[in-house]
Amino acid sequence: MRRMLTLVPLVATLLAAGAQPCAAATVKVHLNARPATVPVAPGVRMRAWTFNGSVPGPVVRATEGDMVEVTLHNAHKRHGHSPGMFHSVDFHAAEIAPNAGFADVAPGKSRTFSFVARRPGVYMYHCGTAPLLQHIGMGMYGMIIVDPLAARPPAKEITLVQSEFYGRLDHGFLRPSLKAMRNQNPRFVAFNGRAQRYFRHPISVPVGQPVRIYLVDAGPTLDSDFHVVGTIFDSFQHDGNPAEALHGVSTQLVPSGGGGVFELTFPEAGVYPFVTHAVRWADAGAVGRFVAR
């Protein structure tokens, strides 16, 4: 059985948790490594390196036991006598030899590899080409959700990727800097690729009904100390593993490169801010709002 999944740009979209296939399938994933100009903060854009033209890249979704077939095309062009820029893709959900599956792809070339999604959870994927710090810092990352065979209870679902952007501002453009990345001094910290995105445009959630947040911290360096003001998480699953759950958690650390599933309910109508509670980085843009209705 083969199944082509539509890759959804990773924005905080309410998704309906629903029916999942009971038979293993082949999930075909097509990623295009290419440069694109993207917004990273109010009034600020950046010439990023991307998967499929967005930062983060699209959400990939599979079910435990599925075969995930990944094709990466490197659309970066050669320039003059320059050999051009190599790229690759590393899926944290994969259990394969990295040198075989995650090999560099030359400009203009494509590469396909496969892995079985054996463990349910939420995981990062990213470019693994050296210098790794630069390729992730330039925007080459995304999320894969591997649903368990036993379907999770119905809930409204939200996907969030926390990440950092480094460099200097120049007339509304962020000029990326590997030196700034190495000095661990980000200009902006964001959810889903844009600082203050959901503070300016809050996410609507229901009152008194289950809400599920899939969170990946893409880094490349900072942890996420995730917190929703005004409520307590009913459960937190490290890397989204259903067998490993903490209950009654107010703030939870998700390390750079890690993920987690947060289950919660909003007790009454109102506005509920969410942040990384490393407040210096909330001040840099990792802040948003849920509006419960």
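Here are some notes on the predicted model, starting with the whole chain and then going residue by residue.

1. **Ground rules.** This is a predicted model, where local features need pLDDT of at least 70 and side-chain atom pairs count only at pLDDT 80 or more, while totals for chains, interfaces and linings use all residues. Numbering runs from 1 along each chain as its sequence is written, and side-chain values use heavy atoms, with hydrogens and water left out.

2. **Overall build.** The chain has five helices and 23 strands, taken as DSSP runs numbered from the N terminus (helices are H or I, at least four residues; strands are E, at least two). Its radius of gyration is 19 Å, close to the 19 Å from the globule rule for 293 residues, so the chain is as compact as a globular protein of that length. That radius is taken over C-alpha atoms, and the rule is 2.2 Å times the number of residues to the power 0.38. Along the principal axes, the C-alpha atoms fill a box of roughly 60 × 50 × 25 Å.

3. Of the 293 residues, 51% count as buried, with buried meaning under 20% relative accessible area, exposed over 50%, and partly exposed in between (1.4 Å probe, protein chains only). Among contacts in the chain with a separation of 6 or more, 71% come from residues 24 or more positions apart; contact here means heavy atoms within 4.5 Å.

4. **Surface and charge.** The accessible surface of the chain is about 12400 Å², and carbon and sulfur atoms hold 54% of that (Shrake-Rupley method with a 1.4 Å probe; for residues, only the protein chains shown count as cover). There are 27 positive and 19 negative charges, and their mean positions sit 13 Å apart. Lys and Arg count as positive and Asp and Glu as negative, with His and the chain ends not counted; each charge is placed at NZ of Lys, CZ of Arg, CG of Asp or CD of Glu.

5. **His 87.** Have a look at this one in the loop between β6 (67–74) and β7 (90–91). His 87 counts as buried because its relative accessibility is 0%. Its side chain makes polar contacts with the side chains of His 76 at 2.9 Å and His 135 at 3.2 Å. A polar contact is a pair of N or O atoms within 3.5 Å; within protein, one must be able to donate a hydrogen and the other to accept it, and residues adjacent in sequence count only if both atoms are side-chain atoms. Leaving out residues up to four places away in sequence, His 87 also touches others, including Trp 49, Asp 104, Cys 127 and Met 140.

6. **Asp 66.** This residue is in the loop between β5 and β6 and, at 1% relative accessibility, counts as buried. The Asp 66 side chain reaches the backbone nitrogen of Ala 25 at 2.9 Å. The C-alpha atoms of Asp 66 and Val 116 are separated by 5.7 Å, though the two are 50 residues apart along the chain.

7. Thr 231 lies in the loop between β17 (224–228) and β18 (233–238), and its 11% relative accessibility makes it buried. Not counting residues up to four places away in sequence, Thr 231 touches Leu 264, Thr 265 and Pro 267; a polar atom of its side chain is 3.0 Å from the backbone oxygen of Thr 265. Gln 209, in the loop between β15 (203–205) and β16 (211–219), is in contact with Leu 264 and Thr 265, leaving aside its neighbours within four places in sequence. At 43% relative accessibility, Gln 209 counts as partly exposed.

8. **Backbone spots to check.** Most residues other than glycine have a negative phi, and most peptide bonds are trans. In this model, the bond from Val 55 to Pro 56 is cis, with omega near -5°, and so is the bond joining Gly 219 and Pro 220, with omega about 20°. Pro 56 is in the loop between β4 (44–51) and β5 (60–63), while Pro 220 is in the loop between β16 and β17. Asn 52 has a positive phi of about 65° and lies in the loop between β4 and β5. Asp 239 also has a positive phi, near 55°, and sits in the loop between β18 and β19 (245–249). Asn 52 counts as partly exposed at 29% relative accessibility, and Asp 239 does too, at 24%.
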